[in-house]
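Please open the model in your viewer and keep the sequence panel beside it. The tour below moves from one selection to the next and says what is to be found at each stop.

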Amino acid sequence: ARTRKAIKHIFGQVDLRAPAVPISKAQLLLIREQLDLSDLKHAMFWLGCLLGFQALLRASEFCGGSLRWKHVKQITGGVRLCVPYSKTKLTPHLVSVVTDGGDFCVLRAIMLVLQLQGKVQQTEAVVQLSYDQFNTMLKRSYAKAVGDPLGFSLTCSSLRHPSRYIDLSDM
């Protein structure tokens with residue numbers, strides 16, 4: 001451990017991770033084509049993709065039972081989520097997502113999951129996939145969709161990558 005620390009001190013960090021590659025809407029649609037949305041697991045996965053993409057949530061904020069049905073509320077023109085905690089904020093915070101009924105509509109994906117799941121308890125998880133299950137499904141469906149045999153260029157962070165958004169401050 002001391003030797004490793006000394007080497008890092010002298011040479012700097014050499015195990016730098018490559019930044020997450022942002023995913024495009026076109027790639028996300030290709031991923032959706034790989035899914036059977038009549039299957040509850042696939043519908044939950046697609047909802048997770050949209051929560052990451054549209055609401056900029058980390059997978060840890062909606063996987064593993066962290067986001068429950070009691071945290072989801074339909075509002076005029078969208079959906080409001082009460083995220084109980086995140087990597088950077090340990091207190092609950094609200095996230096509103098505008099819905100349009102289109103291909104990337106979070107409300108549409110929520111309604112599909114509810115339809116497939118039937119009656120749900122307010123304390124049940126919205127996306128009943130672990131972080132690892134979600135990440136594996138994301139990598140595999142991405143690999144099939146875009147021809148990346150290993151899917152290594154994609155991480156869960158790719159869904160919420162900031163480069164997808166226009167900086168309005170200079171307009």
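Buried here means under 20% relative accessible area, exposed means over 50%, and partly exposed lies in between, with a 1.4 Å probe and protein chains only; helices (H or I, at least four residues) and strands (E, at least two) are DSSP runs numbered from the N terminus. This is a predicted model, in which local features need pLDDT of at least 70 and side-chain atom pairs count only at pLDDT 80 or more, while totals for chains, interfaces and linings use all residues. Residues are numbered from 1 along each chain as its sequence is written, and side-chain values use heavy atoms, with hydrogens and water left out.

Within helix 3, colour the buried residues, which are A43, M44, F45, W46, L47, G48, C49, L50, L51, G52 and F53. Then bring up what covers them, which includes helix 2, helix 4, strand 2, helix 5 and helix 6, where a contact means heavy atoms within 4.5 Å. A distance between the end C-alpha atoms of helix 3 gives 20 Å, which agrees with the 21 Å that its 15 residues should span at 1.5 Å a residue, the expected span being 1.5 Å times one less than the number of residues.

Next, select the residues with the most contacts inside the largest nonpolar core, namely L28, F45, L47, L51, F62, L81 and F134; this core has 44 residues. A nonpolar core is a set of buried Ala, Val, Leu, Ile, Met, Phe, Trp, Tyr and Cys residues joined through side-chain atoms within 4.5 Å. Helix 3 gives the most to this core, with nine residues. Centre on L51, which, not counting residues up to four places away in sequence, touches L56, L57, F62, L67, L81, V106 and V127.

One of these partners, L56, is the next stop, in the loop between helix 3 and helix 4. Its phi is near 55 degrees, a positive value in a residue other than glycine, and L56 is partly exposed, with a relative accessible area of 34%.

Which residues line the second largest pocket? Select Q34, L35, H42, F45, T136, M137, R140, S141 and K144, around a volume of about 170 Å³. On a 1 Å grid over the protein atoms alone, a pocket is an open set of points where a 1.4 Å probe fits, with protein on both sides within 12 Å along at least five of seven lines, and lining residues have an atom within 4 Å of a point; points are joined across faces, edges and corners, and the volume is the space filled by probe spheres set on them. Helix 6 gives the most to this lining, with five residues.

Two loop residues close the tour. S86, between strand 2 and strand 3, is buried at a relative accessible area of 7%, and, leaving aside neighbours within four places in sequence, S86 is in contact with R58, E61 and H93. T99, in the loop between strand 3 (93-98) and helix 5 (106-117), is buried too, at 19%; not counting residues up to four places away in sequence, T99 touches G77, G78, V79, C105 and L107.
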